[in-house]
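Visitor: Hi! Could you walk me through this one?

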Amino acid sequence: MKIKSVLLACCLLVPSFAHSGAQDDFILWADSPAEKWDLAFPVGSGRLGAMAWGTFPTEKILINEETIWANTREMEIREDAFEHLEMIRELDAEGKYHEADRYFEKEVQDGKRPNSYQLVGWLNITYPNESPLQETRRELDLKTGIASNHYTLENGTTIYQQVLASHPDDVIVVHITASKPISLDVAIEGAVIQDGDLVLTKQASGPKGTHFVSRVRALHDGKRSQSGDRIALKESKEITLLLSVATDVDRQSPGTVLADGWQNKALNDLKAASRKSFNKLMGRAVADHTQYFDRVDIDLGTTAKEIRALTTAKRLGRIKKGGHDDPGLIEQYFQFGRYLLIASSRPDSFPANLQGVWNPHMKAPWASDYHLNINLQMNYWLADTTNLSPMHEALFHLIRTYQPRGKEMAKRMGMKGWCMPHATDLWGYAKPMATRARWGGSMFGGQWLTFHLLDHYRFNRDKQLLEDNWDILTASTEFVESWLIPGPDGTLISRPTPSPENTFLYTNAEGKEVPGELSSGCSFDQFMILQVFDNYLEAAKAIGKSDDAYVQKIKALIPKVYRPQVGEDGRLMEWRFPFKEKDPGHRHMSHVIGAYPGNQINLDEDAKMRDAVLNTIDYRLDHGGAATGWSRAWTIGMFARLSDAPKAYDNLHAILVRSTLDNLFDTHPPFQIDGNFGAGAAIAEMLLHSHNDEIKLLPALPTEQWPNGHVKGLRARGDYTVDIEWKDGKLTKATIHAGPNADLEVGVAYEGKSLKLEIQNGGYGVVEADRFSGIKNQ
């Protein structure tokens, strides 16, 4: 996929069905309207999102704003939670796991879900008197961030609609041009007309749900009338609709309501945008988008011209039928993941939720919430590797806003520091919210979030990040330390929790096989404990705090922490005891977190644990595992980390076959965005590793499917940017660019051979393939 210059704004105004879009590497397209919302093409600015269906003569465009959430009630864990946790601990020690589960569900957790993310509404555009539709084409240009609909009518009129979300101007823009004067009506359900604008004033569900105002202004070159909730435009050839949204959410402290006057933002944004031409608005939005998108270029091989001419859905359909001859679609899939992160997460926004920033529901699947037992974390796995580091700032901001409620949760459980449950919402309510212990019993959601602080530091070597978040890292570590209990053998183990969302089988005192969910010292928790402690020591060393008393205390604890074991069957044990899984093909594989994305298992040097991880994943897959999109994405990433190219590629192919919609959205089912992000990160992992203080080139390259290609702009830990070229399945050249915080020497490896490369900060070094000849394999 070659990087091309951005088209001049005026060129984008010209409707043309002969447009090279079908041949364009960056364009997803369809030749029919979206049949449902999650088949439409998304645009977003981080804060705002929109999705146009491409229906005619009545177009519907979904509008979202990231802070519009229900808020139905205060949700806090009970003040006497500690005594109930102690009872659960006693039941666990007695082997009464089933009883512990039911007790937890009755006394500790709340059977309700977090509050749901909601929508602004639907922008409806109706063409009341136009000729019937003859032909339609929908496009999403990943490079510019613009979604467009092309309509050809039976009377020869052509209509061209573009939708974009502008981060610089903080508005949604809909631009419509026609070859002949047309009429159309614009409406939003529930809106009224004020000062010529459509104005929607609403509140999300619940007494404390977000209050918001949305305004729509129509700029046009024809006639206009208005009545009720509708603006009618006539005899126009060019129309620009500007949509703004303001909410009462204090972005520094969600849950705090802004003072009256917050509504003015919607009007002020419209006024400012109205003073700019469409070309100016579009140019600013495109420049803002491409500053991030253009950082990575990928070429995985050649797709035949006749295949590239097909719609995105038909290209995907060929893969679903077993095709392996469209590397160009995999390039698009990779870049689509990056596109979605740019569109749903910016440095000044909140993080992407389960559906990014797009949602048509008042009660969304899983509330479109922040799931903290892998899903929110997976949303950011590609942020650093694919050169979108600034997008991580949204996640770090959320972690900061979660501190007060999370500390109160820890306190009420009798613990120190800070924690978060397995799922929450914009407001950061901190209590176990689920109907079953296997969901709500996880207590390390916040700790997993802090992994991203350390990995972001590893990529960028910015010590200020660690300085600024030292209090969060300390509070996270304090909770983990206080959560530990002594095991029967004297090692330190976690209090009873689930291996996220999974269930085991055991024989109770009556000799019956019954299910259990909570148990002490499960492998997921133990790897989490070790990772949190190691991360804390690493951060302390980086900022000169290694001699602090508390850091030394944690250092002394690490050798006492129980480490997960390998079972008699050669698999990594999911629980401390050799329980059977109730669901051997369960979607969660949380006990391999120590290998990926964590670093507690050294897959390069610990052969026994490497085999155990591989056996674990293979067993899951053999029993129907990875059935959801995000689970398959994790599987691709695991095999990529294991440097197993065939299995990584097979599972990449499988996610396209089983868990990808026609617009390339991931499906759980239903649509859930984490799989897009996780798969994008996994593709990067197939091409580049940078753990274990070494850059590995093409560690899991599927040479049969991608024999020739290149990737430019991937990021490596240590503050390096890497370009790689290969031919006939073999490395030809790698260029490594050293950032300002990089070491002067870096290890580079290829096919088991390593060398050292010296690079000045701000400079680059080139490694030709022949540099590795003559070097012995490690």
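**A sheet, a helix and the core**

Visitor: So, what is the strand order in the open sheet of four strands?
Guide: Reading across, the order is β23-β24-β28-β29, and the pairing is mixed. Keep in mind that this is a predicted model.

Visitor: Which strands sit at the edges?
Guide: The edge strands are β23 (688-689) and β29 (753-758), each of which pairs on one side only.

Visitor: And how many bridges join β28 and β29?
Guide: Six bridges, in the antiparallel sense, with β28 covering residues 745-750. To pick out one of the partners, V746 is bridged to L757 in β29.

Visitor: Switching topic: how far apart are the end C-alpha atoms of helix α4?
Guide: They are 22 Å apart. Helix α4 (residues 278-293) has 16 residues, so at 1.5 Å a residue it should span 22 Å, and the two values agree.

Visitor: Which residues of α4 are buried?
Guide: The buried residues are F278, L281, M282, A285, V286, D288, H289, T290, Y292 and F293.

Visitor: What do those buried residues pack against?
Guide: Strands β7 (146-153), β8 (158-166), β9 (171-188) and β14 (230-247), along with helices α3 (264-274) and α7 (327-344).

Visitor: Now the largest nonpolar core: which members touch the most others?
Guide: M413, F533, W634, L687 and L697, out of 227 residues in that core. Helix α16 (residues 523-542) gives the largest share of this core, with 12 residues. Another core lies apart from it, with 12 residues, among them L164, M282, A285 and V286.

Visitor: Tell me about W634. What does it touch?
Guide: Leaving aside residues up to four places away in sequence, W634 touches I374, M378, W381, W448, M589, S590, V592, I593, Y596 and P597.

Visitor: Let's zoom out. How many helices and strands does the protein chain have?
Guide: The chain has 21 helices and 30 strands. Its C-alpha trace spans about 85 × 65 × 50 Å along the principal axes.

Visitor: What is its radius of gyration?
Guide: The protein chain has 27 Å. A compact globule with 778 residues would have a value near 28 Å, so the two agree.

Visitor: How much of the chain is buried?
Guide: Buried residues make up 64% of the 778 residues. The chain exposes about 27,600 Å², and carbon and sulfur atoms supply 49% of that area.

Visitor: Last one: what share of the contacts join residues at least 24 apart?
Guide: That share is 69%, among contacts between residues at least 6 apart in sequence.

Note on methods: Residues are numbered from 1 along each chain as its sequence is written. This is a predicted model: local features need pLDDT of at least 70, side-chain atom pairs count only at pLDDT 80 or more; totals for chains, interfaces and linings use all residues. Side-chain values use heavy atoms; hydrogens and water are left out. A nonpolar core is a set of buried Ala, Val, Leu, Ile, Met, Phe, Trp, Tyr and Cys residues joined through side-chain atoms within 4.5 Å. Buried means under 20% relative accessible area, exposed over 50%, partly exposed in between (1.4 Å probe, protein chains only). Helices (H or I, at least four residues) and strands (E, at least two) are DSSP runs, numbered from the N terminus. Contact means heavy atoms within 4.5 Å. Two strands pair if DSSP finds at least two bridges between them. The expected span of a helix is 1.5 Å times one less than its number of residues. The radius of gyration is taken over C-alpha atoms; the globule rule is 2.2 Å times the number of residues to the power 0.38. Accessible areas come from the Shrake-Rupley method with a 1.4 Å probe; for residues, only the protein chains shown count as cover.
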